[in-house]
Protein chains: 4
Amino acid sequence: MMRLPISEEKVFKDPVHNYIHVQDDIIWRLIDTPEFQRLRRVRQLGTSYLTFHGAEHSRFSHSLGVYEITRRIISQFERKGYSDWPAEERQVALCAALLHDLGHGPFSHSIEEAFQMNHEDWTCRILLGDTCVNKVLLELGEDFPERVASVIRKTYDKPIVMNLVTSPLDADRMDYLLRDAYYTGVNYGTIDIDRILRMLRPHRDRIVVKESGMHAVEDYLMSRYQMYWQVYFHPVTRSSEIILRQIFRRAKELYEAGYAFQFMIEPLPALFEGRLTVQQYLRLDEALIQTAFLQWTAEQDQLLSELCGRFIHRKLYKYIEIDTGNPETIDAIRQAFREVGLDPAYDVEIDFPTDLPYDKFHSGMPLNEKQILLLDRHDQLREISEVSDIVRSISGIHKGRNYLYYPEERVEPLLDRMPAEVADLFRR
Amino acid sequence: MMRLPISEEKVFKDPVHNYIHVQDDIIWRLIDTPEFQRLRRVRQLGTSYLTFHGAEHSRFSHSLGVYEITRRIISQFERKGYSDWPAEERQVALCAALLHDLGHGPFSHSIEEAFQMNHEDWTCRILLGDTCVNKVLLELGEDFPERVASVIRKTYDKPIVMNLVTSPLDADRMDYLLRDAYYTGVNYGTIDIDRILRMLRPHRDRIVVKESGMHAVEDYLMSRYQMYWQVYFHPVTRSSEIILRQIFRRAKELYEAGYAFQFMIEPLPALFEGRLTVQQYLRLDEALIQTAFLQWTAEQDQLLSELCGRFIHRKLYKYIEIDTGNPETIDAIRQAFREVGLDPAYDVEIDFPTDLPYDKFHSGMPLNEKQILLLDRHDQLREISEVSDIVRSISGIHKGRNYLYYPEERVEPLLDRMPAEVADLFRR
Amino acid sequence: MMRLPISEEKVFKDPVHNYIHVQDDIIWRLIDTPEFQRLRRVRQLGTSYLTFHGAEHSRFSHSLGVYEITRRIISQFERKGYSDWPAEERQVALCAALLHDLGHGPFSHSIEEAFQMNHEDWTCRILLGDTCVNKVLLELGEDFPERVASVIRKTYDKPIVMNLVTSPLDADRMDYLLRDAYYTGVNYGTIDIDRILRMLRPHRDRIVVKESGMHAVEDYLMSRYQMYWQVYFHPVTRSSEIILRQIFRRAKELYEAGYAFQFMIEPLPALFEGRLTVQQYLRLDEALIQTAFLQWTAEQDQLLSELCGRFIHRKLYKYIEIDTGNPETIDAIRQAFREVGLDPAYDVEIDFPTDLPYDKFHSGMPLNEKQILLLDRHDQLREISEVSDIVRSISGIHKGRNYLYYPEERVEPLLDRMPAEVADLFRR
Amino acid sequence: MMRLPISEEKVFKDPVHNYIHVQDDIIWRLIDTPEFQRLRRVRQLGTSYLTFHGAEHSRFSHSLGVYEITRRIISQFERKGYSDWPAEERQVALCAALLHDLGHGPFSHSIEEAFQMNHEDWTCRILLGDTCVNKVLLELGEDFPERVASVIRKTYDKPIVMNLVTSPLDADRMDYLLRDAYYTGVNYGTIDIDRILRMLRPHRDRIVVKESGMHAVEDYLMSRYQMYWQVYFHPVTRSSEIILRQIFRRAKELYEAGYAFQFMIEPLPALFEGRLTVQQYLRLDEALIQTAFLQWTAEQDQLLSELCGRFIHRKLYKYIEIDTGNPETIDAIRQAFREVGLDPAYDVEIDFPTDLPYDKFHSGMPLNEKQILLLDRHDQLREISEVSDIVRSISGIHKGRNYLYYPEERVEPLLDRMPAEVADLFRR
């Protein structure tokens, strides 16, 4: 085990946690790798900065925050001498916390959807590939990179480590709530993290919460609920993501059709062809994507040029709320669009936000890692929604507002030529 | 005058000012122009994010903040009915506040130094050129763009408007102190802006401060002082700026020498040749610069490739404190470097931070726009450093720490071959 | 109408609202009356400071806060020119907001319960009696004191004014949530008051909320819910209130029995006899109550002396959770206590916290002033729990935890002599 | 050594430090004594709540805060293994930190001045007398109470412990700056305590600051400077303190003259006679003082009655700024007052605020415990004002604004009868 002499603890100033404390040499050296530094060029909230202008923070900041929370939890376990915490797992847990987002691409959710990629796979490929991160991890043991990767993949043989790093109450979620609230300015995400951390206990294979922390967990789940509706599912953000996906889709169509791009840049061809190597993947960042888009505003393909202009200059699609339970309505819209010469493949998109602040499940289900468990003073565990009315009420909420997005400038002049029952939807 | 009906006031959520209130149609439409949206791709603090990872905020956010503070000041003047404030100047002042940073290029201070550009000139060229911003401004009158530009240039015929927009206690400085403190997490920049705003008074040609606001101004100047030393002059940031300038310098040298770049992108050639048009200038942003640098890490020119790798992967120059009052020392270092085969043009840089929190001037000087004036209850003006010991003490401070920066990996192995008095400087 | 010239606006520094702005001469003069200054000697949260040591703030601070929020709401209505707001009601509303707590006695909830008093009645008696407040109000018109009193009594003929001052989303509740959160340090009470205020609309006879403010209201109600359980119903606070009520009860018993107090102070005899005049009532404050209690720690009556010692030195009753649905259990406890020589009238108290964050009511109920109404863009009103799952879930919550309180030192040594089924309740 | 099992760490919720952590059984039991609980009835800032209504916090809160900061410093020393810190002094230091204000009386500064008392003496008398605090301390050893007292008296034989508890950068000052800023709402007192704590080092006999913490210390000293001028020396507060002292003076005069008080309460007679026992002293609190004053508003002595009314109803003295360098002016005022029948002993008071944010001393002075020392990387110590221009500038500031206070209602009608050069001073 290589740990820094404690007197040389280093710190990063962080607006959310005040200071990030680095006490292990391995952490210092991982932060210093090109692969980790690349996260500075990938925003934490993708296109949300187009809705909340303050939300310009990167996955680099978030990753440091997740590391710091994990470090505080483990330090507390060590300080209090809880025997259910396996002390020898400290470094695996810290590394997994720090590196869990390493494989995120630029505008991650959109690019993953457009090109069927998965950031966890890429995280593991980077951990295990010919990279600086891999070299640093190897110094802790030949199997160390694989141990970290298996925590990410959730196949590690110590469930408590995975539960610490990935669970409904993990350091990842706690950091992003606090950080996204801080940077957007939306204060619903403010949680009493000190209290939650104080209430965490290692208990057999899991991290559980002392019963007296129930209200703090309720507050945390309500904060998540609010952040989902106020920030993550904001229709303006979704509108920009739709445009982003359409750009990726159009560019790929053109590439596959042999279109002669005036501007092309490595490694986009490999991205379109679905054969990115790890080295190529690591060259993808949001600077490159934005640069390509800005250059493409001058492309001859009018659709690509228009979409890129929309994204770069923030001319987003307009939206209307729509009842998605009624497929005929949507079919009627598509049909009406087609008849007036609009392109249903690009001029109308329907969006269904689906994530949940706390996953619903039936009370009869066995305890599992997606649940938050409370530990009472008789050492009994109970799933939180059994105890909390609040949690029960929001764990059942998954109906949301569904929106249909469209290019106002093209659609509105044609409304008069559409059937009234379609046109009226767009006229409010 | 086109002002939005007040009931349609629009807001932006802002972490620093809570809400940015847009009450004038012209402001809404200026924000929506491509030229203003471009500021999202230019960071407020240049390379400071390499020192303070949270400092990823853009000039877009800052510009909204400057506008908002200016709006609050003017609203207060209007509400309190101060006759020295010319009510008809509201829109000129708001537009100048919003647009004052429009001409900032990517990594502004470094690029300006490297290519002898000036962001205020560019702001005026954008305001007056064939741009969307110009078109929006024209709707308020044929001379309106020129009026806004003349505020920026400080040639406007209403000194009070210029004093509001540019002075040692202006909305620009107040916003950046608060915002940079918020995003870096360095809380020295926290000032009581509500109190300062309440103490401002239009007085003949100037904005002055009620005498009872003296301590609030002291606190503001101390905050600036602290932010200069803690953040703006941080040697790690300076180190990254030095590398940035070296990249620009090397790329230009290569371009002029006819070097065949494997990667080149518009409008860099025009930048190197010093003949950027407004349209070209507007394509310059930090995404483009970072993308070029990342691509150039694979260039054949070893120096360019190394410098770009340093910047992108944050392998910055090391630094030592140095007594710049002694030119022989510096000559000796350069000489020693040359003799062991190092390149004094790239392997050693000396940096002198020079800005001041409050400009020093002699007590006998006439009142001028660089001074902060206090208004006492007998309507007499006094320059603040005449009254405040604190301000007097810091207005005289301009000695700072000077550092010499160098590439550790190349220099340190050669120290043994240098004269001892030079080598010892690098060995602490 | 006497309103201060706007340029002489005065401010109070307030940690919650930053500044309290006084723009009306009447408000300034009301604050300056002895009756309003008395509120400095009555704590906002009664005995909560014995649980949360920071909660030492007074009703004076809170009253200023309620006034300030009301002022901001009205200013916004005036600025936006909403015609449903009756402009001539400004001063009645501001005065009612400022003075609504004027009649609160020391440790208000406990003293009211012990002596069957009602602070709203006392507020009206002070407003209408021979007081400085009454004199100041009279200057605005002969009927002005009565108009303010009728808002407090909810009999004023302008329902919108009462709805502004007293409703489930009123300035009173908003201030106490923010203020109690600030002073206790329990951050669950943090709400986005700027957003809520921006969403309020005068609509016919009521203040309603724009539909897009729904999530902000959800957050506000959740904050109230959390503050109830974390702070207002905290069992340690309830324990101290029980002791307080027992002191009042015992002192009255002794007084009525002709006991010779070594220390007695005006106006306690009148309090015990239930014949306090307004002048006497105004001499009651928490300094007086604490002083009497401290002196009574030396009384010969052992029970009174012990109870006062408990309160002053914070030797509170212990508590156990109890199922109050089972009256036999409670009877059995009382019986067991009696049999071992304990006094069921003082040695055991059961407490049922009952307030609700949002009152439940049936969906079929007509709209009423206890409801929060949302106004959609078609100008339709809907009660919030029809729209919000969250609100619906908490509006149904009124089961809480019930506790039984007892003097540990006296009870525990006697447990062995009680029936096992009783004793075990106390042994956990 | 009795230390709680670490798993039973207890916490207090604190708005300033978030949580106060109690890890030692002795601390828990000291907090629970009547002597420590009494501090709940003594305000931290005396009469400042009459200027800043939020400043209602007690010495109880502050004492917990001082304890917590001290605990954090020591924990850090222990965790980092600094050998210059004597580990066995932990409990002495923590107890001294917690108890250092135990002897503060009600409205401490005024009562001390009026009756020539000293709170440090009283602290020691309580520590060593027949008190619960003494009993708890004795459990740690027969000499333990004396060890704690000698830290307070600054005669302890371990200078580093005294330096930790009392120095220009001690936990006491850090807590009061943060806490007073928090409760008044004046944000000048905000300091980066985490950074300062991280920079502290035990070094031989002292606690010193790592050189890189210089700017943080500058900021701390500037915050003190600002708090002195904005809060502690605020003329409205001084005005109320003057009235308070006049009440004490008048009541003592009357008592000594055999005046028959309608209301008298223990232990005021002993206070007037200067023969308070420890038990009597412990019955003095602000509730008692306020109660006596409120009762005395009905005394027959008109002066006492008026002064008490002024204090209780906040009818404070008005003030004018005055040049105290000119004794003739003051003599002329007193003379003029006397001639028109005013009482120079009560109707005019001159106030000289004198405390300093950082004590000035000559550069030639040897290092002493009133200095803040910086430790450079070569282990050399330097007094901070040798290095910092800012500190040097404020360490020299001791001129302040001097005010003359007077009862406006009595003085102003008589101005016409005074010499013009005196009257004009009061007419601005």
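Predicted model: local features only at pLDDT ≥ 70, side-chain atom pairs only at ≥ 80, totals over all residues.
**View 1. Helix 8 of chain C and the helices around it.** The buried residues are Pro145(C), Arg147(C), Val148(C), Ala149(C), Ser150(C), Val151(C) and Ile152(C). They pack against four elements of chain C, namely helix 4 (90–99), helix 6 (119–128), helix 7 (132–138) and helix 9 (159–165).

**View 2. Packing of helix 6 of chain A with helix 8 of chain A.** The two helices, the latter comprising residues 144–153, pack at an angle of about 175°, with their axes 9 Å apart. Because angles over 145 degrees count as roughly antiparallel, helix 6 of chain A and helix 8 of chain A are therefore described as roughly antiparallel to each other. On the side of helix 6 of chain A, the residues that take part are Glu120(A), Thr123(A), Cys124(A), Leu127(A) and Leu128(A), and these meet Pro145(A), Glu146(A), Val148(A), Ala149(A), Ile152(A) and Arg153(A) in helix 8 of chain A. The residues of this contact divide into 7 nonpolar, 1 polar and 3 charged.

**View 3. Helix 4 of chain A, an enclosed element.**

**View 4. The contact between domain 1 and domain 2 of chain A.** Chain A is divided into domain 1 (6–232) and domain 2 (234–313), and 29 Å separate the centres of these two domains, taken over C-alpha atoms. In the contact, 26 residues of domain 1 of chain A meet 20 residues of domain 2 of chain A. On the side of domain 1 that touches domain 2, the elements giving two or more residues are helix 5 (108–115), helix 6 (119–128) and helix 12 (214–232) of chain A, and the largest share, 6 residues, comes from helix 5 of chain A. The residues of this side of domain 1 divide into 10 nonpolar, 10 polar and 6 charged.

**View 5. The contact between chain B and chain A.** The contact takes 32 residues from chain B and 32 residues from chain A. On the side of chain B, strand 1 (10–14), helix 2 (34–37), helix 3 (59–80), helix 10 (171–184) and helix 16 (286–296) each supply at least two residues, while helix 16 of chain B gives the most, with 5 residues. The residues of the side of chain B that touches chain A divide into 13 nonpolar, 12 polar and 7 charged.

**View 6. An open antiparallel sheet in chain D.** Three strands of chain D form this sheet in the order 5-9-6, with strand 5 (318–321) and strand 6 (349–351) as the edge strands, each pairing on one side only. The twist averages 30° from one strand to the next. Strand 6 of chain D and strand 9 (residues 403–406) of chain D pair in the antiparallel sense over 3 bridges, and Glu349(D) stands opposite Tyr405(D) in strand 9 of chain D. Helix 13 (residues 235–256) of chain D packs on the sheet, where it touches strand 5, strand 6 and strand 9 of chain D, and its direction makes about 50° with that of strand 9 of chain D.

Conventions:
Residues numbered from 1 in each chain as written. Chains lettered and ligands numbered in written order. Pairing = 2+ DSSP bridges. Axes fitted to C-alpha atoms, helices over the stretch in contact; angles between N-to-C directions. Contact = placed C-beta atoms within 7 Å. Buried ≥ 20, exposed ≤ 12 C-beta atoms within 10 Å, placed from the backbone. Domains from an automatic or database assignment. Nonpolar A, V, L, I, M, F, W, Y, C, P; charged D, E, K, R; others polar. Parallel < 35°, antiparallel > 145°, perpendicular 65-115°, else oblique.
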